[in-house]
Amino acid sequence: MQPKLSVILAAYNCADFVERSIGSALNQQGLSVEIVAVNDCSTDATLDVLQAIARKDPRLRVIDSKENLGPSGARNLAFDHAAGEWGAVLDADDALEPGALSRLVQIAEDRDADIVAGSIRFFSHQRQEISGPVFQENAPITTLSLGDFVEAARPANREPDYGLLKPLFRIAFLNDNGLRYRTDIRHGEDFHFIIDALSKGAEYVLAREVLSYIYTTRDSGLSRTRVDYSRMIAETEKLSRRAPFASNPAVAGALTRRADALRTHELNVLYGDAPNLSSKLGVLAKSLKSSAGQHWLKTKIVKYVGR
């Protein structure tokens, strides 16, 4: 029998924590689930852990890649093998909320949507603390246009960054339109994947009231990658100059605002992580290279003078 949902999991050197992630997927209720996990040429015991779980629960299918594909390539390989009607991308250090995915699938099918997302919250492994949901309770279910998504997919927005949401995708829509993750970028790939889908006419529904995904924060130390904000900014600016976005003032403007917000966020991260005065001065110098950076610097100066 065809599963209703395929959970897509890229697994690289995650032997110490991937069982939590897989367990949260296997424990979903109200719909049939399979997990397609790609061992992305791990150098630890990840493959052994995956195979041990699969022997106990055949809903986990393990693909052992003999080359390192990166997160996007591993997800694409998993999508190529997925048998479900819907696909949900799950990172190896994150988890799914119990019972959430059946609710999201029902909401999407009731509205004939191709993409559906719920709310998220954050878990600190280091502090063993979990946050509340990022959206207000009882918020309405809304349909997002391309412009709506881009406008809200940036840091320090009035709502949480929509680029962080973890949607479910109708797999037939992805396959019919030849949609897969870009493999030439390592950060912001979810944003570009959704942009591509919306550009192909996907219907995207946001169900803010459904708490569906638990991110593990970077301070937990499970994720070893450092975000390349400069590349994210450059790729966003490329989109704003590319057809068909360049000819759409609302979308092009939203992309520019996203790039500026990413610049400001990068400066905050760099300044906060700077270990000494010399490093902080280097961040201040970097801020002078863009109008968004200059605005950030003025805000810093006003805040300092106002103490």
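Visitor: Let's start with Pro58: buried or exposed?
Guide: Pro58 counts as exposed, because its relative accessibility is 69%. The cut-offs are under 20% relative accessible area for buried, over 50% for exposed and partly exposed in between, using a 1.4 Å probe and protein chains only.

Visitor: Before we go on, what kind of model is this?
Guide: It is a predicted model, where local features need pLDDT of at least 70, side-chain atom pairs count only at pLDDT 80 or more, and totals for chains, interfaces and linings use all residues. Residues are numbered from 1 along each chain as its sequence is written, and side-chain values use heavy atoms, leaving out hydrogens and water.

Visitor: Thanks! Where is the place of Pro58?
Guide: Pro58 sits in the loop between α2 (46–56) and β3 (60–65). Those labels are DSSP runs numbered from the N terminus: helices are H or I with at least four residues, and strands are E with at least two. The C-alpha atom of Pro58 is 8.4 Å from that of Glu34, although 24 residues separate the two along the chain.

Visitor: How many helices and strands are there in the protein?
Guide: There are eleven helices and ten strands.

Visitor: And how big is the C-alpha trace along its principal axes?
Guide: It spans about 65 × 40 × 40 Å. As for burial, 51% of the 307 residues are buried.

Visitor: Which residues of helix α4 are buried?
Guide: In α4, which covers residues 100–110, the buried ones are Ala100, Leu101, Ser102, Leu104, Val105, Ile107 and Ala108.

Visitor: Is Asn13 buried or exposed?
Guide: Asn13 is buried, because its relative accessible area is 15%. Look for Asn13 in the loop between β1 (5–11) and α1 (18–26).

Visitor: You brought up peptide bonds. Which kind joins Ala243 to Pro244?
Guide: The bond from Ala243 to Pro244 is cis, with omega near 0°. Pro244 is in the loop between α8 (229–241) and α9 (249–273).

Visitor: New topic! Where does Arg121 lie?
Guide: Arg121 is part of strand β6, residues 115–124. Its C-alpha atom is separated by 5.1 Å from that of Ile214, which is 93 residues away along the chain.

Visitor: What else does Arg121 touch?
Guide: Leaving aside residues up to four places away in sequence, Arg121 touches Glu97, Ile130, Ser131, Gly132, Pro133, Leu211, Tyr213, Ile214 and Tyr215. A contact here means heavy atoms within 4.5 Å.

Visitor: So what share of contacts in the protein join residues at least 24 apart?
Guide: Among contacts between residues at least 6 apart in sequence, the share is 78%.
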